[in-house]
Structure formats: structure tokens, C-alpha cells
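Let us walk through a protein fold one piece at a time. Keep the picture in view as you read.

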Amino acid sequence: MEALRRLIREVPDFPKPGILFKDITTLLKDADGFRAAVDAVTDPYRDPRPDVVVGIESRGFILGAAVADRLGVGFVPVRKPGKLPWRTMQATYDLEYGSDTLEIHEDALAASQRALIVDDLLATGGTAQASVALVKRCGARVAGLSFLVELTALEGRGRLAGERVVAALQY
């Protein structure tokens, strides 16, 4: 995991002053690092395997699609408003630097499905909490949440009480 940690660039004051942004693009461009990151996010959920992976826009798409491929399951995107072409459901959430809304197609998940939610970063937990709400509103069950990075000081895990949460790296 230290090798992965060294591949993540820290960008001060992005997207606003006081935020130390964990930039995973430097990890993604490294083939071995990317492979190891996908393994770290996938492995805790191989058994039992979820039925589908839900990836949160936008870096969650990168990791989530790779995780879905590794697990041999489908992929469902959770996106910002106005990006999905079909009827959607919305959930609004707070982040450490504002608020936003996420959407999922209303027919994206079946009631019998177990969904693994994947994103690059767990910070305050708002994005993840909104994604959990969307999965449940579709009638599906949350198999767990898997993140590459968790910023523990922001206590996002606390907003996900009752859910299985795994993070490969903690800061």
C-alpha cells in the first residue's frame, strides 16, 4: 500500500483554499499502480460477489468500471444532474466544500440486486451517503462501499453507519 500512497499527488488549495486534494491521476497513469489500486478496491468484495458495481462520477467511473470487469458484473453510473438520458431519481448531499446532487436511472437496479458502490475518495461521506440512498430507492441492497482513499479526519465513515465500508488507503 505504501507504493500506492507514493503514486498519489497532493495538491494544496484545490478546489478551494484549505483543501489538500488527493490527485489519483498520477496513480492511474502508472500501469502497475492502477492494477494494484483496482485489486485493493476489488479484493474485499470477491466473496460474496456483488451483482453490480455502482460508480460515482467521475473518478468512481474509472475505478468502478475496472472493478466491475474484474468481478464479472455490470456497471451502473451515478452522475451529476442532467447527464443521464432516461428518467432519474435524485439525492442531494453536502461535501467539505459545498453541496451537490447525484442522479441514477430509475430502472438502473433491480430489487434483487446487491450493489457495490465504488469511488476514489471517502471524505465527509455525503456523496457516498447519497449513493446509498439512490441504490436503496431503486429497491436494491448495498453490498458495501469500496474506496481507494479515506480521509479519516473528516469522519465520512460515520455517515455510512450500518454499511460495510472498505478503504485501501487512509490519511
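Which residue stands opposite Leu122 in E8? It is Glu150. Before going further, note that this is a predicted model: local features need pLDDT of at least 70, side-chain atom pairs count only at pLDDT 80 or more, and totals for chains, interfaces and linings use all residues. Residues are numbered from 1 along each chain as its sequence is written, and side-chain values use heavy atoms, with hydrogens and water left out.

Start with the sheet. Helices (H or I, at least four residues) and strands (E, at least two) are DSSP runs, numbered from the N terminus. Here 5 strands form an open sheet, in the order E4-E3-E7-E8-E9, and the pairing is parallel. Two strands pair if DSSP finds at least two bridges between them. The edge strands are E4 (74-78) and E9, each pairing on one side only. From one strand to the next, the twist averages 20°. Angles run from 0 to 180 degrees between N-to-C directions, and axes are lines fitted to C-alpha atoms, for helices over the stretch in contact.

Now look at single pairs. E3 (residues 52-56) and E4 pair in the parallel sense over 5 bridges. Ile56 has Val78 as its bridge partner in E4. E7 and E8 also run parallel, joined by 8 bridges. Strands of a sheet pair through backbone hydrogen bonds, either parallel or antiparallel.

E8 is mostly covered: 9 of its 10 residues are buried. Buried means under 20% relative accessible area, exposed over 50%, and partly exposed in between (1.4 Å probe, protein chains only).

What lies across the sheet strands? Helix H5 (residues 126-137) lies across E3, E4, E7 and E8, and runs at about 160° to E8. A nonpolar core is a set of buried Ala, Val, Leu, Ile, Met, Phe, Trp, Tyr and Cys residues joined through side-chain atoms within 4.5 Å. The largest one has 27 residues. Val54, Ile104, Leu109, Ile117, Val135 and Leu145 have the most contacts inside it. Contact means heavy atoms within 4.5 Å. Take Ile117: among the residues it touches are Val54, Val135 and Leu145, not counting residues up to four places away in sequence. Apart from this core lies another, of 25 residues, among them Ile24, Val73, Leu116 and Leu151.

Next comes helix H3 (residues 31-42). Its 12 residues reach 16 Å from first C-alpha to last. That is close to the 16 Å expected at 1.5 Å a residue, where the expected span is 1.5 Å times one less than the number of residues. The buried residues of H3 are Gly33, Ala37, Val38, Ala40, Val41 and Thr42. What covers them includes helix H1 (2-7), helix H4 (59-71) and strand E7 (114-122). At the start of H3, a side-chain oxygen of Asp30 reaches to within 3.3 Å of the backbone nitrogen of Asp32.

Finish with the loops. Between E1 (9-12) and E2 sits Pro15, joined to Phe14 by a cis peptide bond with omega about 5°. Asp13 is in the loop between E1 and E2, and has a positive phi of about 60° although it is not a glycine. Pro48 is in the loop between H3 and E3. Is Glu155 buried or exposed? Glu155 is exposed, with a relative accessible area of 62%.

Conventions. A polar contact is a pair of N or O atoms within 3.5 Å; within protein, one must be able to donate a hydrogen and the other to accept it, and residues adjacent in sequence count only if both atoms are side-chain atoms.
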